[in-house]
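Me: Got a model open here and want to talk it through. Can you take my questions as they come?

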Amino acid sequence: KQWYQRRVAITAGTIGFNYEVVPSNQEITRKPDTGCYIRGLYLEGARWSHTSHVLTESRPKELFTDMPVIQLLPVADRVQPESGIYICPVYKTLTRAGTLSTTGHSTNFVMPIELPSDCAEEVWIKRGVALICALDY
(Lines give C-alpha, C1' and ligand atoms only; values in the text may rest on other atoms or scores of the structure.)
Protein backbone atom coordinates (compact mmCIF):
# COMPACT_ATOMS: atom_id res chain seq x y z
CA LYS A 1 0.00 0.00 0.00
CA GLN A 2 2.75 2.40 0.93
CA TRP A 3 4.56 2.05 -2.39
CA TYR A 4 1.34 2.62 -4.34
CA GLN A 5 0.41 5.58 -2.14
CA ARG A 6 3.73 7.25 -2.92
CA ARG A 7 3.42 6.45 -6.63
CA VAL A 8 0.00 8.09 -7.05
CA ALA A 9 0.42 10.71 -4.27
CA ILE A 10 -2.61 9.91 -2.11
CA THR A 11 -2.94 9.18 1.60
CA ALA A 12 -2.37 5.59 2.64
CA GLY A 13 -5.54 5.44 4.74
CA THR A 14 -7.74 5.67 1.66
CA ILE A 15 -6.22 2.68 -0.18
CA GLY A 16 -7.92 -0.70 -0.36
CA PHE A 17 -7.51 -3.75 -2.57
CA ASN A 18 -9.49 -5.25 -5.41
CA TYR A 19 -8.97 -9.01 -5.69
CA GLU A 20 -8.94 -10.74 -9.07
CA VAL A 21 -8.58 -14.49 -9.46
CA VAL A 22 -6.43 -15.08 -12.54
CA PRO A 23 -7.95 -17.66 -14.93
CA SER A 24 -5.98 -20.92 -14.72
CA ASN A 25 -5.38 -20.93 -18.49
CA GLN A 26 -3.73 -17.48 -18.37
CA GLU A 27 0.05 -17.70 -18.14
CA ILE A 28 1.80 -15.10 -15.99
CA THR A 29 5.04 -14.09 -17.67
CA ARG A 30 5.93 -10.82 -15.93
CA LYS A 31 5.20 -8.85 -12.79
CA PRO A 32 2.04 -6.71 -12.76
CA ASP A 33 2.26 -2.97 -13.35
CA THR A 34 0.50 -2.35 -10.03
CA GLY A 35 -0.28 -4.65 -7.15
CA CYS A 36 1.04 -8.16 -6.78
CA TYR A 37 0.25 -11.80 -7.45
CA ILE A 38 -0.33 -14.36 -4.70
CA ARG A 39 0.13 -18.02 -5.54
CA GLY A 40 0.48 -21.23 -3.57
CA LEU A 41 -2.65 -20.89 -1.43
CA TYR A 42 -4.91 -23.83 -0.60
CA LEU A 43 -8.67 -23.61 -0.26
CA GLU A 44 -10.23 -25.53 2.64
CA GLY A 45 -13.94 -26.31 2.78
CA ALA A 46 -14.72 -25.35 -0.81
CA ARG A 47 -13.12 -25.33 -4.25
CA TRP A 48 -12.69 -22.85 -7.06
CA SER A 49 -14.83 -23.35 -10.15
CA HIS A 50 -12.59 -22.80 -13.18
CA THR A 51 -15.64 -22.58 -15.46
CA SER A 52 -17.89 -20.15 -13.56
CA HIS A 53 -15.06 -18.38 -11.66
CA VAL A 54 -16.74 -18.53 -8.24
CA LEU A 55 -16.44 -20.56 -5.05
CA THR A 56 -18.31 -23.84 -5.24
CA GLU A 57 -18.91 -26.95 -3.15
CA SER A 58 -16.02 -29.31 -2.48
CA ARG A 59 -16.06 -32.70 -4.14
CA PRO A 60 -16.60 -35.71 -1.85
CA LYS A 61 -13.52 -36.56 0.25
CA GLU A 62 -11.71 -33.46 -1.02
CA LEU A 63 -10.37 -31.52 1.96
CA PHE A 64 -8.07 -29.03 0.23
CA THR A 65 -7.76 -27.71 -3.30
CA ASP A 66 -5.21 -25.49 -4.98
CA MET A 67 -6.36 -21.91 -5.33
CA PRO A 68 -5.50 -20.21 -8.62
CA VAL A 69 -3.27 -17.13 -8.59
CA ILE A 70 -4.90 -14.06 -7.04
CA GLN A 71 -3.92 -10.54 -8.05
CA LEU A 72 -4.16 -7.78 -5.46
CA LEU A 73 -4.82 -4.41 -7.07
CA PRO A 74 -4.53 -1.27 -4.90
CA VAL A 75 -7.43 1.15 -5.33
CA ALA A 76 -8.05 4.57 -3.80
CA ASP A 77 -11.33 5.15 -1.94
CA ARG A 78 -12.51 1.61 -2.60
CA VAL A 79 -16.05 0.64 -1.62
CA GLN A 80 -16.51 -3.01 -0.63
CA PRO A 81 -19.22 -4.87 -2.60
CA GLU A 82 -22.30 -5.73 -0.53
CA SER A 83 -23.05 -9.02 -2.28
CA GLY A 84 -21.53 -11.57 -4.63
CA ILE A 85 -18.40 -12.08 -2.51
CA TYR A 86 -17.17 -14.14 0.41
CA ILE A 87 -14.64 -12.43 2.65
CA CYS A 88 -12.31 -15.39 3.02
CA PRO A 89 -9.78 -15.41 5.86
CA VAL A 90 -6.19 -16.38 5.00
CA TYR A 91 -4.23 -18.33 7.63
CA LYS A 92 -0.57 -19.29 7.73
CA THR A 93 -1.28 -22.89 8.80
CA LEU A 94 -4.21 -25.25 9.25
CA THR A 95 -4.21 -24.53 12.97
CA ARG A 96 -6.41 -21.49 12.93
CA ALA A 97 -5.62 -20.65 16.53
CA GLY A 98 -2.68 -18.50 17.49
CA THR A 99 -1.78 -16.03 20.16
CA LEU A 100 -3.43 -12.64 20.02
CA SER A 101 -1.13 -9.91 18.82
CA THR A 102 -1.35 -6.26 19.78
CA THR A 103 -3.64 -5.67 16.77
CA GLY A 104 -6.25 -8.03 18.25
CA HIS A 105 -5.79 -10.61 15.47
CA SER A 106 -4.38 -14.10 15.81
CA THR A 107 -0.71 -14.41 14.88
CA ASN A 108 -1.83 -17.16 12.46
CA PHE A 109 -4.23 -14.83 10.60
CA VAL A 110 -2.75 -13.15 7.51
CA MET A 111 -5.50 -11.09 5.86
CA PRO A 112 -9.01 -11.32 4.39
CA ILE A 113 -9.43 -11.82 0.64
CA GLU A 114 -12.70 -11.25 -1.21
CA LEU A 115 -13.62 -14.21 -3.42
CA PRO A 116 -16.49 -14.14 -5.92
CA SER A 117 -19.43 -16.30 -4.88
CA ASP A 118 -22.96 -16.91 -6.07
CA CYS A 119 -23.99 -18.19 -2.60
CA ALA A 120 -24.68 -16.15 0.51
CA GLU A 121 -21.63 -15.50 2.66
CA GLU A 122 -23.22 -17.47 5.53
CA VAL A 123 -22.96 -20.69 3.47
CA TRP A 124 -19.16 -20.46 3.40
CA ILE A 125 -18.90 -19.26 7.00
CA LYS A 126 -20.82 -22.34 8.23
CA ARG A 127 -18.48 -24.58 6.23
CA GLY A 128 -15.42 -22.86 7.69
CA VAL A 129 -14.01 -21.98 4.28
CA ALA A 130 -10.55 -20.45 4.47
CA LEU A 131 -7.39 -20.01 2.43
CA ILE A 132 -4.29 -21.67 3.89
CA CYS A 133 -0.67 -20.73 3.13
CA ALA A 134 0.90 -24.04 4.19
CA LEU A 135 -0.55 -27.50 4.77
CA ASP A 136 0.81 -29.48 7.73
CA TYR A 137 1.63 -32.64 5.82
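Me: Where is K61 found?
Reply: K61 is in the loop between β5 and β6; strands here are DSSP runs of E with at least two residues, helices are runs of H or I with at least four, and both are numbered from the N terminus. This is a predicted model, where local features need pLDDT of at least 70, side-chain atom pairs count only at pLDDT 80 or more, and totals for chains, interfaces and linings use all residues. Residues are numbered from 1 along each chain as its sequence is written, and side-chain values use heavy atoms, with hydrogens and water left out.

Me: What's the phi of K61?
Reply: Positive, about 65 degrees, although K61 is not a glycine. Most residues other than glycine have a negative phi.

Me: Is K61 buried or exposed?
Reply: K61 is exposed, because its relative accessible area is 88%. The scheme is buried under 20%, exposed over 50% and partly exposed in between, with a 1.4 Å probe and protein chains only.

Me: And what about H53, what's its phi?
Reply: H53 isn't a glycine either, and its phi is positive, near 60 degrees. H53 sits in the loop between β4 (47–48) and β5 (55–56). With a relative accessible area of 37%, H53 counts as partly exposed.

Me: OK, zooming out. How many helices and strands are in the chain?
Reply: Two helices and 10 strands. Along the sequence the pattern reads α-β-β-β-β-β-β-β-β-β-α-β.

Me: What's the strand order in the five-stranded sheet?
Reply: β6-β3-β10-β8-β9, an open sheet with mixed pairing. Two strands pair if DSSP finds at least two bridges between them. At the edges are β6 (64–66) and β9 (109–116), each pairing on one side only. Neighbouring strands in this sheet are turned by 35 degrees against each other on average, direction ignored; the axes are lines fitted to C-alpha atoms, and angles run from 0 to 180 degrees between N-to-C directions.

Me: In which sense do β8 and β10 pair?
Reply: Parallel: β8 (residues 85–93) and β10 (residues 130–134) share three bridges.

Me: What about β3 and β10, parallel or antiparallel?
Reply: Antiparallel, with three bridges joining β3 (residues 42–44) to β10. There Y42 stands opposite I132.

Me: Next topic. Which strands make up the antiparallel sheet?
Reply: β1, β7 and β2, in the order β1-β7-β2, again open. The edges are β1 (15–21) and β2 (36–38), and each has a single partner strand, so one side of each is left without a neighbour in the sheet. The twist averages 35 degrees from one strand to the next. Between β2 and β7 (residues 70–76) there are three bridges, and C36 has L72 as its bridge partner in β7.

Me: How many aromatic pairs does the structure hold?
Reply: Two. F17 and Y19 form a tilted pair, 6.4 Å centre to centre with 50 degrees between the planes. Rings of Phe, Tyr and Trp (its six-membered ring) pair if their centres lie within 6.5 Å; planes under 30 degrees apart count as stacked, over 60 as edge-to-face and the rest as tilted. F17 is buried at 19% relative accessibility, and Y19 is buried at 18%.

Me: Why is the pair of Y91 and F109 edge-to-face?
Reply: Because the planes are at 70 degrees, with the ring centres 6.0 Å apart. Y91 lies in β8 and F109 in β9, so the pair ties together parts that are 18 residues apart in sequence. Y91 is buried, with a relative accessible area of 14%.

Me: Last one: where does N108 lie, and what does N108 touch?
Reply: N108 lies in the loop between β8 and β9, and counts as buried at 6% relative accessibility. A polar atom of the N108 side chain lies 3.1 Å from the backbone nitrogen of T93. Leaving out residues up to four places away in sequence, N108 touches V90, Y91, K92, T93, T95, R96 and A97, where contact means heavy atoms within 4.5 Å.

Methods. A polar contact is a pair of N or O atoms within 3.5 Å; within protein, one must be able to donate a hydrogen and the other to accept it, and residues adjacent in sequence count only if both atoms are side-chain atoms.
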